[in-house]
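Hello,

Here is the model we talked about. Please have a look, then read my notes below.

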Amino acid sequence: MNKMSTVIEIANELKDTKENIILIYAFNATGKTRLSVEYKNITKNPKNGDHIGVYYNAFSEDLFVWDNDNVKLEIEPSNLSKLHSSMTEEDVEKKLIPYKRKYNFFFNPSKDFEKEGFASVTFYKLEDTENRTPIKISRGEERIFVWCFFLALLEVEGWADTQNAHFFIDDPVSSLDDHNIYVTAYTVFDVILKEFEKRKIIITSHHFGFLTILSDMLGKGEYADKFRNRDKSKKYQEFILEGNGDDLSLVKTKNGVFLYHLRLLQILNQAAKSKKVYTYHFALLRQVLENIASFLGVGQFGYVLEQIGIKDKERVAFIVNALSHLNVYYQQNDKPVPDNLELFNDILGRLMDKEKFGFKIPK
Amino acid sequence: MTQKNQHKKLGDTLWDIANDLRGVMNADDFRDYMLSFLFLRYLSFNYEEAAKKELGKDYPPSPSKDLRADFLVPPPLEIWYKKNKGDIDEFEEQMRKKVHYVIKPKFLWSNITELARTQNGELLETLQKGFRYIEDDSFESSFKGLFSEINLNSEKLGKTPKERNDKLCKIITKIAEGIADFSTDNDTLGDAYEYLIGKFAAGSGKKAGEFYTPQQISTILSRIVLLDSQDPTTGYKTKLNKVLDFTCGSGSLLLNVRTQLKKAKGNIGKIFGQEKNITTYNLARMNMLLHGMKDTEFEIFHGDTLLNQWDLLNEMNPSKKIEFDAIVANPPFSLRWEPTDTLAEDFRFKGYGLAPKSAADFAFLLHGFHFLSKEGTMAIILPHGVLFRSGVEARIREKLLKENYIDTVIGLPSNLFYSTGIPVCILVLKRCKKQDDVLFINASEHYEKGKRQNTLREGKNGGPDDIQKIIETYQFRPKHIERYARRVSMDEIKKNDFNLNISRYVSTSEDEVQIDLEDVNTKLTEINKSIKVNKEKHNEYLKELGLKPI
């Protein structure tokens, strides 16, 4: 069993980590955002209480709110607003290039531009240059926009260059589809490449695909040499944040392998062995199945079920889907009915049969 | 049709053709083809007119049944060339003296349109040779690379040479037919060209780094730099020796200065422009020629302004330094750039400081200002941030103010530009300023709200004239106009830490609602009375019912 800690202890552990790049995987609702807030608190300048680093997290995203009556994305005033005057639409557009955006936009300045910067953003269809009829963009597009807005803001004098101790990025890929997660991993990697020698960069996410891509880019990518010391040791650290409520633990990934589905299998296996399988484990099981499916280059995990010899794959897939519904996270003590428990054990057992995929399951 | 309507109608016709034809091609690519063809048409007609004059009665009549200039085939000049082989050299030499360029008959627009109309397989090759001829030989090679960005062999036109040839036939025929009925004088075509550039700029949405200055804002800048710099009340200058736009784009701002000066019955010595984007640079050169300027009347340089790649502006000998008596510019807003140690020592920036890397605004300003003559005026469009941003920009601002170089700050309404919603202002700078105060004009609340973007009103049908109001306020420099303008002393600016944010000096806030206390008092008294009356009435009822009063 791993050592349980408080969020403050974990924040301190991260602060004391000598490597400048830290990737952390955590399930939703584990405490990533709390961790980022705690990190902010413990690193504040004791003299004047100023932040010494820069954060991107749920709070950053929450600065952007839709005004549905006027169809525009409002920007809440914050202490970042005064930086807006060094930015143009073009700066954000440049960051959006890899995402193949399907809209155009312009900023609406507030009356007191010096202090309050942009009041909102209006979006319109790319081809609608004549009327510029305001449109609402999808949730995913909005997330990407906000992320790119921050990427552009980072380059403005007076923020990231003065609060230059660290850059804490908390889950920039919530609500994104696979393609955009991949693209976002690239944009994050750009930031790492540019900044990691000057400051600490902490990236957390609930999405192991996203972190796996980053891990691969750090470990095996074109610039991999940059992220190794002379003695071949890594200049980055990878963790999994686990736990519930106040009890957290930060687990180092083994042997530099950052394959979360293996970690998940380990968790599931432990649950099965100790006979403590709850409904939420179905969600984890589904994540494993999906991850293996995308690893094998297929979209649906039904294929994986077929490969491991499940005969009635459609019915099984339906059950797994039904039981991994989002709100299982809120009912973590629900036990599955015996039939479903049997199904769970069956799938897991077949997956753990390492002959099938050649996995090495960590014990 | 009036002159003004002519160019708009022609512009609209061409725009329709563009919309009709561009298909898979994006607006920017199509723009370059279309504008190049128009340019060829212009050069051809202008040349034929001159040839007609030069040859007099020797100019052969056209055998063509079609009398429209776009379809005169074979071009009369070709007939003359065939008959007078021995005189060609002498004729071309004469033409070089008269119109500064030469075009061989087979490259003339009417011949090209004929090839297009008859779906001739030679079109593409002829056109290509024609373009090359104009670049290399027509102007004695002062127009190298004019069509370099026009790739007639582009996949965008078609996969095979045959497909490309066919597509070009279609495009050229359409253009020729669409515009054949319009006058061939250079103002109409030049203005239509200008109009189209504006349309393309608006229609393409945004294109990185390229900003088209709306004509109305151009007009404000032009008129400001044309007014006498020491005493604007005396009116417009009649002669400008040298005019510069160091981020000239397609040259429309420079042409606007020329137009405004012509209106004031004045003339320009020479126009200078610099542009970094090669395609736009070529457009600027064509644009100048299309407006009837001779190649000796302007000089456009292709290069990076911030790095000062133009030798003309890099003269080390101070006595030979070139100076301009009017400078206008609309540089890209808050451009990210890479200030280096070498640049910190650059003569343009040395005394003031290097603009931060997230916004080159002040680098552009200082570049231009370095070349402003003692009697000159510079007007530059910049984002509002330059008025108040801190750090090195604050220091540059303070220096410019202390040296009394900043004459006027004009805040413009938001959303006047195609590409951005950020608020922008105009800074007017002078080297030898008479007054020791700064004039602030808050023009940001005077505009017409548009669906897509805002516009400045031009006083049509007796309505407000936002442009004129700005110019007059600048010209007569009033002490104070409520909520619009004010002359602010250097002391006051100093008290504000040299922050130039307009709202600090000219009120921009909404009027607060006035509360009439006496009126409120009366109402409250009335309410109290009414409460008393009703309470008594209510108690009467309660009493009748044998209940306790309230």
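Among contacts in chain A between residues at least 6 apart in sequence, what share joins residues at least 24 apart? It is 69%, with contact meaning heavy atoms within 4.5 Å.

Some ground rules. This is a predicted model, so to speak for reading with its cut-offs: local features need pLDDT of at least 70, side-chain atom pairs count only at pLDDT 80 or more, and totals for chains, interfaces and linings use all residues. Residues are numbered from 1 along each chain as its sequence is written, chains are lettered from A and ligands numbered from 1 in the order written, and side-chain values use heavy atoms, leaving out hydrogens and water.

Confidence: the model scores ipTM 0.79 and pTM 0.79. Chain B has a mean pLDDT (the predictor's confidence in each residue, from 0 to 100) of 87, and 93% of its residues reach 70 or more.

Chain A has 13 helices and 10 strands (DSSP runs: H or I of at least four residues, E of at least two). Of its 363 residues, 53% are buried, meaning under 20% relative accessible area with a 1.4 Å probe, protein chains only.

Now the cores. A nonpolar core is a set of buried Ala, Val, Leu, Ile, Met, Phe, Trp, Tyr and Cys residues joined through side-chain atoms within 4.5 Å. The largest has 263 residues. Phe145(A), Phe149(A), Leu214(A), Ile347(A) and Tyr47(B) touch the most other members. Helix H2 (residues 27–55) of chain B gives the most to this core, 15 residues. Apart from it lies another core, of 16 residues, including Val7(A) and Leu248(A).

Best wishes

Notes
Buried means under 20% relative accessible area, exposed over 50%, partly exposed in between (1.4 Å probe, protein chains only).
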